[in-house]
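Me: Can you walk me through this one? I'd like the overall picture, then some detail.

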Amino acid sequence: MRKLSLTITILVFVLKVLAQSPHGIQLKIDCADCHTTGSWGFSKETSVFDHQKTTFLLEGQHRFTDCKSCHKSLVFNDAKTDCADCHTDMHSTTVGDDCASCHDPKSWIVENISELHQQSRFPLLGAHNSADCIACHKQALRLEFGPLGIECIDCHKASYYATTSPNHIQAGMSTNCIECHNMNAFEWSSSGFNHSFFPLTEGHAINCATCHEAGILAPISPECYSCHQADYESATNPLHSSSDFSTNCTECHTTSVDWQPARFEIHDALYFPVFSGAHRGEWDKCSDCHTQPETYSVFSCTNCHEHRQSKMDNEHKEEPNYVYNSINCLACHTAGDAD
């Protein structure tokens, strides 16, 4: 009896083993979906199995690929779904392992490489958009597109060091080319340089070399006197140097080409109101009060306000330090006083 029971047990085990699918336990479809009762062979004509219902759709060239090219064994779930699992990386890992970022199942030919590059960390603008790939990607003929530096100097170092007008090295100019050059341009024009730290308006809208001598665009002083010392010292109407005028030209002048108009507006706060009060509008008649061009420190109220000296002497006889025809008038009289 025991021998019979053991024999039955062994027979049941063998039958179970023989009854297992060679495709693995994860394949949960009816055998008849692929096979007929006459043979275990697979027949495309009678098969109702639909690969499009799986997690890997057969598109493009995959539709015509022989099943055994991907399914090396009868356990179909062993087949991998990543591109690199079946396809040799012709780019030697220089562009990553996601083939689908550039290719599709229809063909290995990439028709929209320019559009794809625009989505990268370095969009192709201006001259970069018409440049030959191999100009930057030196190994392009070997289908290798290793990552490149995206800073200007990474590719244009030779141009930077070869500059002469101006000499970028001597001037200590930035290696970030876009601070001066427009990336959309097809030449090295410096029209994109931002000179807002010292606006180049009117009289300052001149050639760079006028201020930056010797072809070196090194930083220079923004102070007026540093460039216009000769103009200051040669001024005669009025004489700036002997009258101790400020060397900060902007206190009176704009950046106009001919230095006009000149408005010494701090005259009101420092000396005498000519932009306000009773003398408003007299600011451009300097010589009416300042009759000595060689020194504007001398002026007299009585040059304009003529009073009889005898009368004034009599009226001011009680005033200490009174002197007729003197700027001492302002010590007591304001600009709003009547004549």
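**Overall picture**

Reply: Of the 339 residues in the chain, 15% are buried, where buried means under 20% relative accessible area, exposed over 50% and partly exposed in between, with a 1.4 Å probe and protein chains only. This is a predicted model: local features need pLDDT of at least 70, side-chain atom pairs count only at pLDDT 80 or more, and totals for chains, interfaces and linings use all residues. Residues are numbered from 1 along each chain as its sequence is written, and side-chain values use heavy atoms, with hydrogens and water left out.

Me: How many helices and strands does the chain have?

Reply: There are 13 helices and zero strands. Helices (H or I, at least four residues) and strands (E, at least two) are DSSP runs, numbered from the N terminus.

Me: What share of the contacts join residues at least 24 apart?

Reply: The share is 43%, among contacts between residues at least 6 apart in sequence. Contact means heavy atoms within 4.5 Å.

Me: Let's move to α7. Which of its residues are buried?

Reply: Helix α7 covers residues 152-162, and its buried residues are Cys-152, Ile-153 and Tyr-160. They sit on the same side of α7 because they cover an arc of only 55° around the axis; the arc is that of the directions from the helix axis to the C-beta atoms.

Me: What do they pack against?

Reply: The buried residues of α7 pack against α8, residues 168-171. On the face of α7 turned away from the buried side are the exposed residues Ala-158 and Ala-162.

Me: Where is Thr-163, and is it buried or exposed?

Reply: Thr-163 lies in the loop between α7 and α8. Thr-163 is buried, at 17% relative accessible area. A polar atom of its side chain lies 2.8 Å from the backbone oxygen of Tyr-160.

Me: New topic. How many salt bridges are there?

Reply: The count comes to one, taking a salt bridge as a side-chain nitrogen of Lys or Arg within 4 Å of a carboxyl oxygen of Asp or Glu. Arg-142 pairs with Glu-144, and the closest N and O atoms are 3.5 Å apart.

Note on methods:
Polar contact = N/O pair within 3.5 Å; in protein donor to acceptor, adjacent residues only side chain to side chain.
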